[in-house]
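Grab your viewer and let's begin.

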Amino acid sequence: KHAVHLISDGAAYDEGQRLVSAGPKVFALPHINAAIGVRGPTVALPLLTHFVGHAASSFDSLKANIVGILKNALALCETALNRGCLGPHFEVVIGGISESLGPNAYVVSGCEHQGAWSITDVPEIGFLPSTPQTAAFYAHNLLGKFSSSDDIDPATFGIEVLEIQRSATSRIGSFAQLTSISALGIETKILRRWSDEIGCPLGARLMSHSGVIGALSVNSLSIGDNAVTVPAISTSAGPTTGTSSPSYSPEGA
């Protein structure tokens, strides 16, 4: 009821899922008490963060104008973004404290095959990106343990989810980062570091993960295997179709 939590990894990888570099995929926008997560070519992260952050005067005004802001950013950055192996495709998740709604999070996709330019409000739990396999996995493992997202410790939950995703897809790596936004401000910290090496496949030293998460009876949206967004929303969520990072080369958020 009081915060939005974004959980992400730090791996940028190539088409062979070899680690190219490591860095954050979620960035603070302190002047509007929000944070932005971007997935797509690594060059997209600072470019889109710059244009979004400098176009915003409040959380609500940013949400009202986000599609136009991202379209303008794409037009200015398309040449650079085209250097990614899958072209200038990206997804953006923005979470923060809305002036009218309180804790709020939403996703905008710049991918034509994923409903480009639609705004998808994120419910209490959201994963990104979504595949039939991950959707089935989360439905089987996350239904029924918690009555509310307020019952979940975001750090413990985030590590569990990222380890399961890492074991299942080998697209998670380098480090796990938690970014929390509340009315008091923004806090971010590293929860775990993995021993992935530059130039080697992600999870090359991966040991099998035996942890299990009990199911969540909260409203959940499957949006991911690269990151998880856990916003606690104080009003009922709107339409659901969400995000936090796809598999581009190197990978974004």
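**Exercise 1. Check the span of helix 4 against its number of residues.**

Step 1: Helix 4 has 16 residues, and at 1.5 Å a residue they should span 22 Å. The expected span is 1.5 Å times one less than the number of residues.
Step 2: The end C-alpha atoms of helix 4 are 22 Å apart, which agrees.

Before going on, two notes on the source: this is a predicted model, in which local features need pLDDT of at least 70 and side-chain atom pairs count only at pLDDT 80 or more, while totals for chains, interfaces and linings use all residues. Residues are numbered from 1 along each chain as its sequence is written, and side-chain values use heavy atoms, with hydrogens and water left out. Helices (H or I, at least four residues) and strands (E, at least two) are DSSP runs, numbered from the N terminus.

**Exercise 2. Is helix 4 mostly covered or mostly open, and which residue follows it?**

Step 1: Apply the cut-offs: buried means under 20% relative accessible area, exposed over 50%, and partly exposed in between (1.4 Å probe, protein chains only).
Step 2: Twelve of the 16 residues of helix 4 are buried, so the helix is mostly covered.
Step 3: Among the buried residues are Phe-157, Ile-159, Leu-162, Glu-163 and Thr-169.
Step 4: Ser-170 follows helix 4, and its phi is positive, near 60 degrees.

**Exercise 3. Find the salt bridge partner of Glu-163 and describe the pair.**

Step 1: A salt bridge is a side-chain nitrogen of Lys or Arg within 4 Å of a carboxyl oxygen of Asp or Glu. The structure holds six of them.
Step 2: The partner is Arg-192, with the closest N and O atoms 2.7 Å apart.
Step 3: Arg-192 sits in strand 12 (residues 185–193) and Glu-163 in helix 4 (residues 154–169), which makes this a link between distant parts of the chain, 29 residues apart.
Step 4: Arg-192 is partly exposed at 34% relative accessible area, whereas Glu-163 is buried at 10%.

**Exercise 4. Describe the salt bridges of Arg-39 and Lys-63.**

Step 1: Arg-39 pairs with Glu-91, and their closest N and O atoms are 2.4 Å apart.
Step 2: Arg-39 belongs to strand 5 (residues 34–39) and Glu-91 to strand 6, so the pair ties together parts that are 52 residues apart in sequence.
Step 3: Arg-39 has a relative accessible area of 1% and is buried; Glu-91, at 3%, is buried too.
Step 4: Lys-63 meets Asp-121 in a salt bridge at 2.7 Å, N to O. This pair links helix 2 with strand 8 (residues 119–121), across 58 residues.
Step 5: Lys-63 is buried at 17%, and Asp-121 is buried at 14%.

**Exercise 5. How are the rings of Phe-59 and Tyr-106 arranged?**

Step 1: Rings of Phe, Tyr and Trp (its six-membered ring) pair if their centres lie within 6.5 Å; planes under 30 degrees apart count as stacked, over 60 as edge-to-face and the rest as tilted.
Step 2: The structure holds one aromatic pair. The ring centres of Phe-59 and Tyr-106 are 6.1 Å apart and the planes stand at 85 degrees, so the pair is edge-to-face.
Step 3: Phe-59 is in helix 2 (residues 59–81) and Tyr-106 in strand 7 (residues 102–109), so the pair joins parts 47 residues apart in sequence.
Step 4: Both Phe-59 and Tyr-106 are buried.

**Exercise 6. Where does Ser-98 lie, and which residues does it touch?**

Step 1: Ser-98 is in strand 6 (residues 91–98), and its relative accessible area of 5% makes it buried.
Step 2: Contact means heavy atoms within 4.5 Å. Not counting residues up to four places away in sequence, Ser-98 touches Phe-59, Asp-60 and Asn-104.
Step 3: The Ser-98 side chain also reaches the backbone nitrogen of Leu-101 at 2.9 Å.

**Exercise 7. Is Gly-10 buried or exposed, and where is it found?**

Step 1: Gly-10 is in the loop between strand 1 (3–9) and strand 2 (11–13).
Step 2: Gly-10 is buried, at 2% relative accessibility.
Step 3: Beyond four places in sequence, the residues that Gly-10 touches include Ser-21, Lys-25 and Phe-175.

Definitions and conventions
A polar contact is a pair of N or O atoms within 3.5 Å; within protein, one must be able to donate a hydrogen and the other to accept it, and residues adjacent in sequence count only if both atoms are side-chain atoms.
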